[in-house]
Amino acid sequence: KPVVAIVGRPNVGKSTIFNRIVGERISIVEDIPGVTRDRIYSSAEWLTHEFNIIDTGGIEISDAPFMEQIRHQAEIAIDEADVIIFLVNGREGVTSADEEVAKILYKTKKPVVLAVNKIDNPDMKEMIYDFYALGFGEPYPISGSHGLGLGDLLDEAAKFFPSDEGDQYGENVIKFSLIGRPNVGKSSLFNALIGEDRVIVSDIEGTTRDAIDSVFTFDEQEYVVIDTAGMRKKGKVYESTEKYSVLRALRAIERSDVVLVVLNGEEGIREQDKRIAGYAHESGRAVIIVVNKWDAVEKDEKTMKLFEQNIREHFQFLSYAPVVFLSAKTKKRVHTLMPMIDMASENHSLRVQSSILNEVIMDAIATNPTPTDKGKRLRVYYATQVAVKPPTFVVFVNEPELMHFSYQRFLENRIREAFGFEGTPIRIISRSRN
Ligand code: GDP
């Protein structure tokens with residue numbers, strides 16, 4: 001999906017515009033338990049276009065001075081976006097901070113669309129002319145608080161969307177990523193995984209300017225590790241900030257089939273880990289939880305079990321994800337990862353036979369009657385698998401509202417008992433049959 005980034009000095013209304021463009025989506029996503037959305041990155045739609053949008057204003061570099069902060073945000077936009085929306089405040093005219101942003105943006109070949117915010121009514125349109133001076137062509141008048149002008153702005157941005165970039169890798173290649181907080185050991189684990197002489201590695205440029213993917217073959221299966229550059233790079237100031245690392249993780253997740261959520265066994269589980277894991281789950285990718293640095297943990301025979309319980313408690317939404325305790329440093333149990341990635345990937349694209357699926361569902365209903373509401377009982381007619389990656393099932397019923405969350409969870413458990421699906425989320429959608 002194309003990526004649009006919003007840049008501009010503070011107080012021009014970046015997050016208002018971001019929320020307007022994103023619309024309802026954020027609140028839907030927040031319904032998933034255990035997940036708090038960072039409001040800096042979201043998918044969005046405009047007419048037939050689907051894209052992702054970044055509010056660079058949400059990425060703060062805590063101790064950087066004001067101007068430097070703004071410059072870093074503009075650099076992030078250049079690194080991460082296909083199209084940049086440069087936002088200014090129509091009521092204040094061109095400021096020196098706007099010029100500073102412009103200076104950074106002159107260096108990029110990426111398309112920049114200039115938007116002048118706070119033009120709340122047509123009489124104010126004259127205020128946009130000053131902004132021609134910034135050198136980005138026609139300024140688009142918009143009003144974040146009134147929701148005006150966004151259509152024209154997005155039309156313009158969409159003109160620059162790359163035509164269906166597709167996927168440069170074949171169907172049979174397994175794409176995976178290692179994500180996690182800085183310093184949990186992602187790049188060490190990457191090296192431990194592929195550093196052995198039986199693999200061939202080549203680096204391929206990913207979709208963002210900075211993304212490097214590593215391709216390798218192991219046991220005749222081809223793999224791509226998504227955005228290995230994002231794991232290694234810590235050069236620029238903003239690259240060590242948490243928000244930026246989350247942003248990179250999100251982009252990597254999106255291009256992966258299997259996501260390895262890497263935790264630091266020495267430090268335990270942090271809020272940030274939960275957030276990253278939450279994204280992985282929401283995205284519908286297969287997930288494996290990796291507890292790294294297990295060598296450095298003082299332990300007895302109970303430690304692993306307790307740690308796993310802790311994981312299960314904090315990541316309830318990831319109950320399907322296997323947990324591996326390993327050490328990138330000593331390589332202990334690193335060899336168990338490749339078979340696990342294969343397994344998760346296979347389950348992620350598993351199709352089950354309709355006849356068996358329906359037997360499983362009917363058996364489930366026979367042992368645990370469907371819920372009733374106001375004297376009405378849920379009737380289940382039949383189920384069918386409609387998609388893979390992740391496996392998605394449609395259950396045809398009399399009235400979808402009667403399908404309680406808890407009953408759906410019960411059906412999911414039965415489907416899992418029957419078919420496995422370890423490592424992958426599955427989705428169940430109730431539809432009325434008519
Ligand atoms: P990244 O930021 O997640 O890519 O983390 P790095 O791979 O750069 O590792 C961060 C630090 O943790 C480095 O000092 C590594 O040497 C150390 N480290 C990585 N894996 C292990 C491990 O399995 N055990 C121990 N004890 N240290 C590790």
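Two strands pair if DSSP finds at least two bridges between them, and strands (E, at least two residues) and helices (H or I, at least four) are DSSP runs numbered from the N terminus. The model here is a predicted one, in which local features need pLDDT of at least 70, side-chain atom pairs count only at pLDDT 80 or more, and totals for chains, interfaces and linings use all residues. Residues are numbered from 1 along each chain as its sequence is written.

**Exercise 1. Describe how β2 and β3 pair, and find the residue opposite Ala-44.**

Step 1. Take β2 at residues 41-46 and β3 at residues 49-55; they pair in the antiparallel sense over six bridges.
Step 2. Look across from Ala-44: Phe-51 in β3 stands opposite.
Step 3. Now visit the turn. The hairpin has two residues between the strands, and Leu-47 takes a positive phi near 50° there.

**Exercise 2. Locate the largest nonpolar core and explore the contacts of Phe-86.**

Step 1. A nonpolar core is a set of buried Ala, Val, Leu, Ile, Met, Phe, Trp, Tyr and Cys residues joined through C-beta atoms within 7 Å. Buried means that 20 or more other C-beta atoms lie within 10 Å of a residue's own; exposed means 12 or fewer, and partly exposed lies in between, with C-beta atoms placed from the backbone.
Step 2. The largest core has 111 residues, and Phe-86 and Val-261 have the most contacts inside it. Helix α8 (residues 242-254) provides the largest share of this core, seven residues.
Step 3. Count a contact when two C-beta atoms, placed from the backbone, lie within 7 Å. Leaving aside neighbours within four places in sequence, the partners of Phe-86 include Val-7, Gly-8, Val-101 and Phe-136.

**Exercise 3. Characterise the shell around the ligand.**

Step 1. Helix α6 (residues 186-194) gives the most, with three residues.
Step 2. Sort by class: Ala, Val, Leu, Ile, Met, Phe, Trp, Tyr, Cys and Pro count as nonpolar, Asp, Glu, Lys and Arg as charged, and the others, Gly among them, as polar. The shell then has five nonpolar, seven polar and four charged residues.

**Exercise 4. Is Glu-99 buried, exposed or partly exposed?**

Step 1. Find Glu-99 in helix α4 (residues 96-106).
Step 2. Glu-99 is partly exposed because 13 other C-beta atoms lie within 10 Å.

Note on methods. A residue is near a molecule or strand if its C-beta atom, placed from the backbone, lies within 6 Å of it.
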